[in-house]
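Visitor: Hi! I have a new structure open and would like a friendly walk through it. Could you show it and get us started?

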Amino acid sequence: MSKNYKRHTITAALPYANGPVHIGHLAGVYVPADIYARYLRLKGEDVLFVCGSDEHGVPITIRAKKEGITPQQAVDKYHTIIKDSFKDFGISFNIYSRTSAQVHHETSSEFFKTLYNKGIFEEKVTEQYFDPKALQFLADRYIEGTCPKCGFEKAYGDQCENCGSTLSPSELINPHSTLSGEKPVLKSTKHWYLPLDKYENWLREWILEGHKEWKANVYGQCKSWIDQGLQPRAVTRDLDWGVPVPLPGTEGKVLYVWFDAPIGYISATKDWAQQQGTPEAWAPYWQDQDTKLVHFIGKDNIVFHCVIFPVMLKTHGDYILPDNVPANEFLNLEGNKISTSRNWAVWLHEYLQEFPGKADVLRYVLCANAPETKDNDFTWKDFQARNNNELVAIFGNFVNRAVVLTRKNYDGIVPAQGTLENIDKEVLEKLKELPEKVAGSIEAYRFREALTFMMELARVGNKYLADTEPWQLIKTDASRVKTILNISLQISASLAILAEPFMPHTAAKLSEMLGLEKLSWKDAGKDNLVVGGHQLKAGGLLFDKIEDETIEAQIKKLQDTKLANELASKTVAPEKPAVQFDDFTQMDIRIATIIEAEKVAKTKKLLKLKLDTGIDTRTVVSGIAEYYEPEKIIGQQVCLLANLAPREIKGIESKGMILMAEDKDGKLSFVSPVNKITNGGTVS
Ligand SMILES: Nc1ncnc2c1ncn2[C@@H]1O[C@H](COP(=O)(O)OP(=O)(O)OP(=O)(O)O)[C@@H](O)[C@H]1O
Ligand SMILES: [Zn+2]
């Protein structure tokens, strides 16, 4: 199956420009993609690593409306934050583009037109929800209702965030507009559909037969989608933000964000080519069969990259298909799902500010703990432990000892190797083996395993020094020390290469310290990377300890978020639609006094009350037994809705309703006049 490719196109999911990037995004997508891209470049492969901001879709328009700015202003803000933070973190994109760019509008319009002209789409006029007040069709997140699959009350028109089901607005129970709260009406509108059902057999063959090597989580999700039967999927929306549908008479319609977003990878490549001054250079990266295309994404994007986008690429005809889609599961934070809207996240731009010079520590921890086969949890304690016990105590300690001893004993000039003893040979054997293991794991998309092999080399070095104790030996056997330090420096040099994909800043610092020239993967494992007589450069520590106070401050920050969320969730009911004064005056609300009270038999909640209303004495059944004991409320003045039509409750005729105030937990309390009022007094 493995083919010799001439070049590599690596894509990383386009981050949605309605918030900054957090550690979940990084662990799921950008860290593994970057490790892969950097490794291939070190191998001397032709690599194009593309990404950009995904700037269309309903959530952006909702945010813009909320903040009173235009959608373009909304995306500009996050595009800049995201782009800068990726750069500082060392994500080595060849281009970070954006879908509001002109090149993307052109590319996605062209794409749509090609499919349209080939007769791929089905054109359908359907009845869709329309907000009669906001005068707008309600696509995706503009509509909310109860999920038909799990009963979650705040499911969106396109997806239920509680159970993960993909929905269409017509499936929602009790739908309402998120713009006005109105119940939507049905109105007919025309849209274009990609008939995925027609490509079911092809998908079955291409993925289920042809890509059995894909990760189990990815293959499994594809299989379940295909086995459930695919449906035609609308690729246009009634919205005013996005790429306009490039057909006459379609004002107010744009391409569905999930249609245009993956085309964004192609547009980004074109953007790169234009910026290079070689506008045609994009084509081989997308059209040449000798190009290996790999999509890095998180699990919620699998269907788009394994089913929908491939059908688009195939039906278009000019493009290659992905060779692999190594999607990750999800990273959680301190036991809870990461969430942009609940601010439950470690934000990359904040981390970079609060931990200056420590981008690689986060890269290391996120790779070591990446959700490759199952969801995983990030905790600050684990972050601290991995830094202190692994990066500082093993990697940093080893390199530091090797360099400091060379400086102290030989003025920083690499000593030559003498006769090798068994322990030296064993260590050199490991040095030769481990780079191949790291490479094998990276090529199999097992980045955690690759990182373990890289660290294994640091461990081997650290143990070698601990076992041979050159700092003692220098007093008795100086020539032996030369060999030991020479070998330790060869290991350090290989570490500078092996660490580059994972911790590029550290690798650069280390290779600077060792005075290495340009690094290349094929050099890793060699025993002569720094020859005797070579001068080491300036030193410095690669890593330093992270103290408890620093970690406690981060944990405190999260606790504050939790508290703020709890406070914010104590909301009051929203205001009801306006009524006229006349509507209100029709209600006869009066002051009455409870003169008798008893529990209604065989019920938990009901009390049977006798009231003096000033006009009569009447019986009212009220659901307050959990809050008031009958004997304690005799003489209590209450407000009564006197002209409510009588109702029979548990065989008792109840005439009117006692008004109760209800707090957020559902606890009830009488509403009564501050001063005693004659029974029958009105409330108005
Ligand atoms: N917690 C997570 N763990 C792993 N991958 C994630 C996580 N959250 C998002 N991703 C992935 O990151 C990529 C970019 O995400 P995107 O910008 O679409 O945000 P999102 O999924 O809406 O996340 P959020 O709601 O947290 O902002 C996607 O491929 C997505 O699958
Ligand atoms: Zn659901």
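Guide: Happy to! This is a predicted model. Let's start with an open sheet of 5 strands, whose order is 19-18-17-20-23 with antiparallel pairing.

Visitor: Which strands are the edge strands there?

Guide: Strand 19 (617-622) and strand 23 (657-658) are the edge strands, and each of them pairs on one side only.

Visitor: How many bridges hold strand 20 and strand 23 together?

Guide: Strand 20, residues 637-641, pairs with strand 23 over 2 bridges in the antiparallel sense. Within that pairing, Leu641 has Met657 of strand 23 as its bridge partner.

Visitor: What about the other open sheet, the one with 3 strands: what is its order?

Guide: That one has the order 7-6-8, again with antiparallel pairing. Strand 7 and strand 8 stand at its edges with a single partner strand each, so one side of each has no neighbour in the sheet.

Visitor: And how many bridges join strand 6 to strand 7?

Guide: There are 2 bridges between strand 6 and strand 7, and the two run antiparallel. Gly145 is found opposite Ala155 in strand 7.

Visitor: Let's switch to annotations. Which cysteines does UniProt place under "binding site"?

Guide: The UniProt record, an unreviewed entry, gives that feature at Cys147, Cys150, Cys160 and Cys163. These four span 17 residues in sequence, yet no two of their C-alpha atoms are more than 8.6 Å apart, so they gather at one spot.

Visitor: Where is Cys147, and is it buried or exposed?

Guide: Cys147 sits in the loop between strand 6 (143-146) and strand 7 (155-156). Cys147 counts as buried because 21 other C-beta atoms lie within 10 Å, where 20 or more is the cut-off.

Visitor: Which residues does Cys160 touch?

Guide: Not counting residues up to four places away in sequence, Cys160 touches Cys147, Lys149, Cys150, Phe152, Ala155, Ser165 and Leu167.

Visitor: Now the ligand. How many residues surround ligand 1?

Guide: 20 residues surround ligand 1, and the closest are Ala13, Gly24, Gly28, Gly298 and Thr340. Helix 1 (residues 23-42) supplies the largest share of that shell, with 5 residues. By class, the shell has 10 nonpolar, 9 polar and 1 charged residues.

Visitor: What does UniProt list Thr340 for?

Guide: Thr340 is listed for "binding site" in the UniProt record, which is an unreviewed entry. In the model, Thr340 lies in the loop between strand 15 (336-337) and helix 10. Thr340 is partly exposed, having 17 other C-beta atoms within 10 Å. If neighbours within four places in sequence are left aside, Thr340 is in contact with Gly19 and Ala345.

Visitor: How is the whole protein divided into domains?

Guide: There is domain 1 (7-110 + 258-336), domain 2 (118-253), domain 3 (379-570) and domain 4 (581-670). Taken over C-alpha atoms, the centres of domain 2 and domain 3 are separated by 50 Å.

Visitor: Last one: is Val674 buried or exposed?

Guide: Val674 is exposed, with 5 other C-beta atoms within 10 Å. Val674 belongs to the segment after strand 25 (668-670). From C-alpha to C-alpha, Val674 and Lys43 are 82 Å apart in space, and 631 residues apart in sequence.

How values were computed
Residues numbered from 1 in each chain as written. Chains lettered and ligands numbered in written order. Predicted model: local features only at pLDDT ≥ 70, side-chain atom pairs only at ≥ 80, totals over all residues. Near = placed C-beta within 6 Å. Helix = DSSP H or I, 4+ residues; strand = E, 2+ residues; numbered from the N terminus. Nonpolar A, V, L, I, M, F, W, Y, C, P; charged D, E, K, R; others polar. UniProt positions renumbered as here; feature names shortened; annotations may be inferred. Buried ≥ 20, exposed ≤ 12 C-beta atoms within 10 Å, placed from the backbone. Contact = placed C-beta atoms within 7 Å. Domains from an automatic or database assignment. Pairing = 2+ DSSP bridges.
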